[in-house]
Amino acid sequence: MFVFYWIVGVLFGAVLLAALARRLGAPYPAFLALGGAGLAFLPGVPNLSLDPDLALALFLAPVLMDAGYDTSLRDLMRNWRPIAGLAIGAVLVTTAAVAAVAIWLVPDMPLPAAIVLGAIVAPPDAVAALTVLAHVPLPHRLATILRGESLLNDAASLLIYRLGVAAAITGHFSLGEVAPAFLLSVVGALIAGPLAALIYLRVLRRFADAPSTIVLQFVVTFGLWIAAEEIELSGVLTVVSFAITVARRAPGQTAPRQRVISNAVWETVIFVLNVLAFVLIGNQIGPILERLSAAQEFSYLLVAAGILVTVMVVRIAWVLPASGIRRMRFGEPGAGKDEARADLGMGAGFAVSWAGMRGLVTVAAALALPEGGPGGGGFPHRDLIVLTAFCVVLGTLVFQGLTLRPLLQRLGLEDADPVGREVGRARAEAYGAAVETLKNDTSEAADALRREFHAVLAQAEAHEEGLAPESLPADEPRRRAVHAARDRILAMRRDGRIGDDAFSVLEEELDWAELNATPRAEA
C-alpha cells in the first residue's frame, strides 16, 4: 500500500513540476530531472528496478513512434545535410571525445566501457528541445533540423552503444565481423519498417473504435521494436521508418474522433514515461552514492562534471564550424521560393549548439546497462557511468534547458513563416473544393455554408499571396452560441430536468462544435 501511495505522490508531484515548467516556458524534463535528483536523497524511497532488457523498449519505442509520426519526410529530405551532420557526425565526435576524457580521468576504465559512456551521453533529447521550441518562434528550417537530429541521432548512438556493450562483456571486437551485420541492421530496418507499416494499415481498417485502435498502436509499437531487436535490426530505424510511413498514409482512413483521442493518449504516455525514467534513475543514484566513500563520491562527481563540460563544448565546437554557419541555409535544393536562400548566420549556430539537452534516451540507455556482480556491475564501472549519465542529463536540462528560451528570444531568429503560408494557401484551395461539392445543392443550409466559404475565399483573393484566414466568419458567434447552450444544459442538470447521461451526450456534442469553431492557436 505504501508503494501505491508513493507512486500517486510522485505522479502528482510530476504534474506540479510540469505546470511550473509551462509557466516558465522551460522544458518539463528539466524539472523532472530535478525531482529525480531529489528522490535520490529522500529516506524510505521504495527500491524500484527495471529489467535492463526492457528499458530501451519501454522508454524509446513509444517516444520514437510519437516523434516519427509528427516528422515531415519532405523537410527531412530537404535538410538531410545538416541533419546528418548532427545525427551522425556530432554523435561520433561526441562519443570519441567523451571516451577520451573518461579514460584520461579514469585510467583503469576499459575502452569499450568508455565508448559506451560516450554513446549514452551523445544524443540530445527530442522531448526537451521540442518543449522549448513550442514556446519560442523559430525559423522553420532550424526547427526541422533540430527535430530531425533528435529523431535520428538515437540510431547512431544506440548502434555504437550495443557494439560497445558487447565488446565490454565479451572482451572481443572485430570491425571486419561487425561491419556486415551493422550494414544489414540499417538497410534491413529501412525496409522492414515501411513493409510493417503497409501491413499495419491493412489491419487498421478492421478497427473502428478508438480504444481498440489505440491499444493496437501500442501493441505494434512495442512488438515492432522487440521483433527488430530479435532479428538484429536497428530498432530505432525500424520504428521511425514505420511511423513516417504510417503518418503519410493513415490520415485518409482514420476517423477524426480516433485521431483526437489518440493524440491525447500518446501525449500523456510520453509524459508518464519521462516521469518513470527519472524516478527509476533517481532510485538508482541513491544506492550508488551510499556505496561510495566521501573520496570516491568526490572523484565520481569530478568525472561527471568533466564529461558534462566535454559534451557541451564538443557540440559548440562541432556545430559552429563543421555544420557550416554560412552553409546552413533556409534554401536547400528543392526548396520553394518561399524558403529562398538566406543565411541563418551566427545566431542560428549558437541556437543549434545550445539546443543539446540530454534526456530520456540517455536515461534509458544508462538503465539498460547489465547489472550484477560486486560494486554494482556486471558491466565495468556501471555505477560511475549511470551517475555520470544522470549528471549530464541534469546539467544540460537545467543549464541549457532553462536558458535556451531567453537565448532564442535574444537572438530574435525569424523567417517568412513558410508553414503558415503553406497552410493559408492550402486552406483556400480546400475551401474552394468544399464550395464545388455544394454547387448543385439548393438547400438553405448549403446556401448558408456557401456564403461562409465564399466570404473566406474573398479574403484569400484580396490577400497578396492568396492566404485564407483560419476562422470562418460565423466561428465567433458560433462559439458564443455554444457557450450559451452549455450554460443552459448545466442549469437543466442542476434543476433535475435532465440526468447525467443526457447531459454527457449533449456536452460531447457541444465540445465538438466549440472545437470546430475555435482557431488552433486559441485551442
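Over residues 373-377 of this predicted model, pLDDT (the predictor's confidence in each residue, from 0 to 100) stays under 50, and eight contacts (heavy atoms within 4.5 Å) beyond four places in sequence are present for this stretch. Residues 323-343 likewise have pLDDT under 50, with 52 contacts beyond four places in sequence. The protein chain averages a pLDDT of 83, and 89% of the residues score at least 70. Confidence is lowest in helix 7 (residues 126-133), at a mean of 66, and highest in helix 6, at 94. Helices are DSSP runs (H or I, at least four residues), numbered from the N terminus.

Residues are numbered from 1 along each chain as its sequence is written. Local features need pLDDT of at least 70, side-chain atom pairs count only at pLDDT 80 or more, totals for chains, interfaces and linings use all residues, and side-chain values use heavy atoms, with hydrogens and water left out.

The axes of helix 5 (residues 80-105) and helix 6 (residues 111-121) come within 8 Å and cross at roughly 130°; axes are lines fitted to C-alpha atoms over the stretch in contact, and angles run from 0 to 180 degrees between N-to-C directions. Thr95, Val98, Ala99, Ala102 and Ile103 in helix 5 meet residues of helix 6 including Leu111, Ile115 and Val121.

Ser185 lies in helix 9 (residues 175-204) and is buried (under 20% relative accessible area, 1.4 Å probe, protein chains only), at 5%. The C-alpha atoms of Ser185 and Glu232, 47 residues apart along the chain, are separated by 6.1 Å.

Notes. Helices (H or I, at least four residues) and strands (E, at least two) are DSSP runs, numbered from the N terminus. Buried means under 20% relative accessible area, exposed over 50%, partly exposed in between (1.4 Å probe, protein chains only).
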